Amino acid sequence: MGWWRWARRRLQVLSDKDSVEAELDDEIRFHLEMEIRQQIEAGVDAAEARRRALVAFGGVERFKEEVRDVRGARILDDFVLDSRVALRSLPKQPAFLMAVLLTLGIGIGGNVAMFGVLERSLFRALPYPDSEELLLGRVTWEGEVGFTVSGPDFFDYRDETASLENLAALTPFPVAATVTGRGEPERVSAPLASAGFFETFGVSPAVGRYFLPEEGRVGGAAVAVLSHGYWQRRYASDPGIVGRAISVEGLPTTVVGVAPAGFRFLMDADMWRSIQRDAGWASARQFHNFVLVGRLADGTSVEAAQAEIDAISTRLEDVYPDTNRDKGLNVTPLRQALAEQYGPTLNILSVAVALLLLIACANVSGLLLARGGARRSEMAVRSVMGGGRGRLARQLLTENVYLALGAGVVGTVLAVWIQRGILTFMPMEMLGRIEPGISGKTLAFALSMSALTVVLFGVIPSLSMARADPAGDLRAGAGRGGDRRSRFRSGLVVAQVAMTAVLLAVSGLLFRSFQELTRVESGFDTEQLVTAEVSIPRGKYGDAEAGVRFFEQLSEQVRSIPGVSSVAVTTHLPIQDPGGNIRVSRPEEFGADGVFGTLAYRRSVMPGYFGALAIPLVGGRDVRPTDDAGAPEAVILSVALAERLFGDEDPMGRTVAVDQGGSEPGIREVIGVVGDVVSGSLSEGLDLTMYYPYAQSPSRRMRLAVRARGDLGGVVTGVREALRALDPDVPLSDVTTMDEAISQSVSDERTVAVVLVLFASVALLLAGVGLYGTLAYQVSRQLHEIGVRIALGASGSSVTRGIVGDGLRLVGFGLVLGIPGAYAAGRLVQGMLFGVEPADPLTLFAVAGFLSVVAVTACLLPARRAARVDPVEAFRSE
Amino acid sequence: MRPKADLLQGSLDLLVLKTLALEPLHGWGISKRIQLLSKGVLEVNQGSLYPALYRLRDRGMIESEQGVSTEGRPVKVYRLTKTGRAALEAEREGWRLFADAVEAILATG
């Protein structure tokens, strides 16, 4: 109503400004005329009468100006005035100001940082032309989306699809390769890509060309496209490199082109090598090594493309029942597919920062109300002096707007740091490199966040304070009354406790889950183990025997380094490098009913492997040097795999059938059984694993695990020297320790846990401060009553108990609301939990305990103040 | 100079409302009536009445209409609205409390 009238007046002023001016002129002229006439009638001459009238009026122009102020610019005027008051009075309370700016700043900062991360990861277009047309193709098993697709399946999909303009394949891991022939040998990331890979992304080469279709066919030439970065670094941007051959894995490989600067997909690659269909990677339908990228043809929808792909999948299932049963292909918009990877983590963090902001707002709201208590006399006087209720509320709101703006600035500054922290822990490499930064959109978000906080924390206190009953407040001094306000404050504390409980519980669950993960029994001794990769070039060691001899010699040399107690040499180390798994069964069951056995990790090991990793030999024997290419093919099974295949029967001397991609399995004799280890990831526990003698299944790329007695650094130097002495062209790469690698493997889980624990701690601190503030305020208002009780003989400790009881009651209410909330939140993150239930009693008890301890601490200070109340002082202060 | 006017604003508004509660009047008439009723004690600038009138009109406490002076000259006349009457009651109560409080403080000396 008031606003409507104000707006109408305002419009009137603007529309008929002149007529209003004339009206005012006339009114004043009439006033002066009457005044002059009265003076003249009293016997004063005309000139003197005029002078007196003007003096009595007190300056015509001045009051005209004031009338204009009143009418036109009143609101703006008030705002300027209020601003001046706010900006002058706020810095006079530095503690209050700091508390509000920091509390809200952290709340806003967390949200701005998260928004920036989301904007840069989920909402930003991928850096490819028309990127919304790009689809990611992943295998499905019984309808469940997996990841990698086999080479032959890819070729069939590519040849048959009409709804995709382009379909290309890439190994989604950096197939490491050694480049030799130019000084030091170098390990590079060189994934395999099909023809049409770059064309799908719609990027043109910086130099040269991309792969030709025939280069991907059986027997195609070995060709590579260099990344722009590698081309600059290694070849000084020499365009002459195109057409020349470089030695990759000892194989002459022709460089056909250079990708444009900044081009990147899934990982940083130094070069992309062409898929060769006859090479191992793409040779069989059961070897799943590629992800697919496609571009939607004009006028086709994702659904239509998926339907067409499904039809092809069904046909493939009919033609290749052995390999393609229940297998399909899922196509999803690329951005969506890549973001899915980070979705759960980002969701949790977003909810956490939103809760944090709500807690911060509740906290500041409480602070403002407390300050309002101290300012009630001021408000009452202003109200009597003619400040209407709306006017006072506006004045208070103006102050809050400035507080929120200040907090917005603090928050934006904090956001830069918080964002950098989040991105350091969670680089989101799949989506391309994400640089931290504050965009215009993010700034706008920060501003709207500030506005939102004003609404959340400022409006209710402003209205409540402006509602102050001046008569009552003046009469009673700064004493009692305002029950509604203190109930509201108590409500704020309860809400803070409840939200903090939810945050604490979720962070507690994820932290416990992370702890459980690190406690997983790996099945081998991870301490004092230096690990590294050694890869010998094909050109020099093309003969398998030469490779075997090289690694035997290396193993020998390393073992004789002082400080080394034993050496394990293998194709794949547990956890660090899981490698692929393969199907294995009893020979008589192979292929029966289209089943090719159970999936097991496979690795080749040299003699001494089990001893060096301290994996117990349960039965049979270790690999021996005599288990070479000429000897019968042998295999060592892990305990669980032996049980799976042979049950209670003695596996020793039995044979197993290993799926080799063809119709005939490889038959191997079981020579030993060893303890189970975690071969893949910690979250999946012990794995079914089998081991081949190295000489019967050699590889040019091997991993060493060196058990050191003392200083690990000295051992690394020793290994380097031994390798250089043996062959200076062979690099030692990927040097780390087993413990480090294991810790790296759970870094995602650790990140989420650490960030959430951090957020929860801030929330806990805020809730504690909020509770303290509420109780301290309550005590200061009840001084009189407490004084009376003490005067009547109540002991200090009973007063303390009363106040602490009040505090704990609020916390109790908060927990009653918060614990079910925590349970619900736990259910939401269940998918991310490992070894912990959403209703984990330990976590929930810890949350309740933590909050109670903080609560008691927050209560004690005001409670002790209450206990020390001197009745005489209390009465005098009334 | 504004703060000073602000300080008087409350009381001047109250006086204007009280004056108009008796009968509708034009600006000059209101100023004379206040002077008369206060027995000349409240000597305010007559001009400061006008911002107060426009302010009260904006708030809907008084309204204006075209009237005629005793000499037959067309002039703007103000009258109290319903809102104004209610505000007068409220402000009068507030003012009394304030005055009592001030009086009480002065009496303790």
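**Figure 1. Burial and layout of chain B.** Of the 109 residues in chain B, 31% count as buried. The model shown here and in the other views is predicted. Chain B holds four helices and three strands. Followed along the sequence, these elements give the pattern α-β-α-α-β-β-α. Now take the contacts in chain B between residues at least 6 apart in sequence: 49% of them join residues at least 24 apart.

**Figure 2. The open sheet of chain B.** Three strands of chain B make up an open sheet. Their order is S1-S3-S2, and the pairing is antiparallel. Which strands stand at the edges? They are S1 (25-26) and S2 (62-68) of chain B. Each has a single partner strand, so one side of each lacks a neighbour in the sheet.

**Figure 3. Strands S2 and S3 of chain B, side by side.** S2(B) pairs with strand S3 (residues 74-80) of chain B in the antiparallel sense. Seven bridges link the two strands. One bridge can be picked out by its residues: Ser64(B) has Tyr78(B), in S3(B), as its bridge partner.

**Figure 4. Ala236(A), a residue with positive phi in a loop.** Phi of Ala236(A) is near 50°, a positive value in a residue other than glycine. The loop that holds Ala236(A) runs between helix H9 (228-235) and strand S10 (245-248) of chain A. Is Ala236(A) buried or exposed? Ala236(A) is exposed, because 8 other C-beta atoms lie within 10 Å, and a count of 12 or fewer is what exposed requires.

**Figure 5. Asp734(A), a residue with positive phi in a strand.** Asp734(A) is not a glycine, yet its phi is positive, at about 55°. This residue is found in strand S25 (residues 732-737) of chain A. Asp734(A) has 16 C-beta neighbours inside 10 Å, so it counts as partly exposed.

**Figure 6. Helices H24 and H27 of chain A, packed together.** Helix H24 (residues 747-781) and helix H27 (residues 841-867) of chain A pack at an angle of about 25°. Their axes are 9 Å apart. The angle makes H24(A) roughly parallel to H27(A), because it is under 35 degrees. H24(A) passes H27(A) in a right-handed crossing. On H24(A), the contact residues include Leu764(A), Gly768(A), Leu771(A) and Leu775(A). On H27(A), they include Phe850(A), Val854(A), Leu861(A) and Arg865(A). What kinds of residue make up this contact of H24(A) with H27(A)? They divide into 15 nonpolar, two polar and one charged.

Note on methods
Residues are numbered from 1 along each chain as its sequence is written. Chains are lettered from A and ligands numbered from 1 in the order in which they are written. This is a predicted model: local features need pLDDT of at least 70, side-chain atom pairs count only at pLDDT 80 or more; totals for chains, interfaces and linings use all residues. Two strands pair if DSSP finds at least two bridges between them. A residue is buried if 20 or more other C-beta atoms lie within 10 Å of its own, exposed if 12 or fewer, and partly exposed in between; C-beta atoms are placed from the backbone. Axes are lines fitted to C-alpha atoms, for helices over the stretch in contact, and angles run from 0 to 180 degrees between N-to-C directions. Angles under 35 degrees count as roughly parallel, over 145 as roughly antiparallel, 65 to 115 as roughly perpendicular and the rest as oblique. A crossing is left-handed if the near helix is turned anticlockwise from the far one by less than a right angle, and right-handed if clockwise. Two residues are in contact if their C-beta atoms, placed from the backbone, lie within 7 Å. Ala, Val, Leu, Ile, Met, Phe, Trp, Tyr, Cys and Pro count as nonpolar, Asp, Glu, Lys and Arg as charged, and the others, Gly among them, as polar.
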